[in-house]
Amino acid sequence: MPPMVPGPLPPADGVQLREVSALVESFVGVGADVPDALQTFEVNADVLLPGLHRFTETVYTVTGAPTSTLVAQVVLLERLVRKLRVGQLAPRVVHQLWLTCFIVAEKATQDVCFRNLDFANLCELPLSHINKMERHLLTLLDWNCLISEDQYTRVADGIRMLRRSASHGRRSERRRRPTPPETPAAKCAPRRAVTVPTAA
């Protein structure tokens, strides 16, 4: 297997788990079909899936994933979506596809990483299924896991932009909050006189 990255990846300061999770959620479409190439990642209809944001943040937190892994994961997911020419991913596909991209991204960016057995225990999935999904993803990507510095920087900048937009939206919402109207009692209350001191 060839090396997955051409060299050390630059730091992506300001990249946060919440923004990465939101970016992954942007790939999901409620009515999206499951193409044949992605059926390996489909979850049975009788399985109750956790919320994607909660699922991703649980894995991120337990593994202590560094920034380089989070960004590389999004790069691989984007690359697969473009190659398969799918507009959006079906909800019952994205959990396991996201997990597999994370596993491959961690191996691509870290010298020491979790074993597939660790992920099988964490997500309560058979080890054989984790291995199968990893092989299938690598086959779909033609084993191309190289991540250039330009690709890395572009995704990291996009995540930072999401963070700034969310922060700006929260500030704007606070500014737009209306001032509560005065109560009748307050309107009728006598105004307090203000005494202005005069010079002696």
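Trainee: Which helices supply at least two residues each to the lining of the largest pocket?

Mentor: In this predicted model, they are helix 2 (52-63), helix 4 (91-109) and helix 5 (116-123). Helix 2 gives the largest share of that lining, with 4 residues.

Trainee: How much space lies in the largest pocket, and which residues are closest to its centre?

Mentor: The space comes to about 550 Å³. The lining has 21 residues, and the closest to the centre are Leu 49, Pro 50, Phe 55, Cys 123 and Leu 125.

Trainee: How do the residues of the lining divide into nonpolar, polar and charged?

Mentor: The lining holds 11 nonpolar, 7 polar and 3 charged residues. Leu, Pro, Phe and Cys count as nonpolar, so Leu 49, Pro 50, Phe 55, Cys 123 and Leu 125, the residues closest to the centre, belong to the nonpolar class.

Trainee: Which residues of helix 5 are buried, and what makes them line one face of the helix?

Mentor: The buried ones are Asn 116, Phe 119, Ala 120 and Cys 123. Viewed down the axis of helix 5, they fall within an arc of 105°, so they line one face.

Trainee: What covers the buried residues of helix 5?

Mentor: The cover includes helix 2, helix 4 and helix 6 (127-140). Just after helix 5 comes Glu 124, with a positive phi of about 55°.

Trainee: Why is Val 24 called buried?

Mentor: Buried means under 20% relative accessible area. Val 24 has 1%, so Val 24 is buried. The residue lies in helix 1 (residues 17-25).

Trainee: What does Val 24 touch, not counting residues up to four places away in sequence?

Mentor: Val 24 touches Leu 52, Leu 77, Val 94 and Trp 98. A contact requires heavy atoms within 4.5 Å.

Trainee: Is Arg 85 buried or exposed, and how do you know?

Mentor: Exposed means over 50% relative accessible area. Arg 85 stands at 79%, so Arg 85 counts as exposed. Its place is in the loop between helix 3 (67-84) and helix 4.

Trainee: What is the phi of Arg 85?

Mentor: The phi of Arg 85 is near 55°, a positive value in a residue other than glycine. Asp 142 also is not a glycine and has a positive phi of about 55°.

Trainee: Where does Asp 142 lie, and is Asp 142 buried or exposed?

Mentor: Asp 142 lies in the loop between helix 6 and helix 7 (149-176). Its relative accessible area is 56%, and the cut-off for exposed is over 50%, so Asp 142 is exposed.

Trainee: How many helices and strands are there in the protein?

Mentor: There are 8 helices and 0 strands. From the N terminus on, the elements run α-α-α-α-α-α-α-α.

Trainee: What share of the residues in the protein is buried?

Mentor: Of the 200 residues, 36% are buried. The protein exposes about 12200 Å², and 55% of that area is supplied by carbon and sulfur atoms.

Trainee: Among contacts with a separation of 6 or more, what share comes from residues 24 or more positions apart?

Mentor: Such residues account for 87% of those contacts.

Conventions: Residues are numbered from 1 along each chain as its sequence is written. This is a predicted model: local features need pLDDT of at least 70, side-chain atom pairs count only at pLDDT 80 or more; totals for chains, interfaces and linings use all residues. Side-chain values use heavy atoms; hydrogens and water are left out. On a 1 Å grid over the protein atoms alone, a cavity is a set of points where a 1.4 Å probe fits but cannot get out, and a pocket is an open set with protein on both sides within 12 Å along at least five of seven lines; lining residues have an atom within 4 Å of a point. Grid points are joined across faces, edges and corners, and a volume is the space filled by probe spheres set on the points. Buried means under 20% relative accessible area, exposed over 50%, partly exposed in between (1.4 Å probe, protein chains only). The arc is that of the directions from the helix axis to the C-beta atoms. Accessible areas come from the Shrake-Rupley method with a 1.4 Å probe; for residues, only the protein chains shown count as cover.
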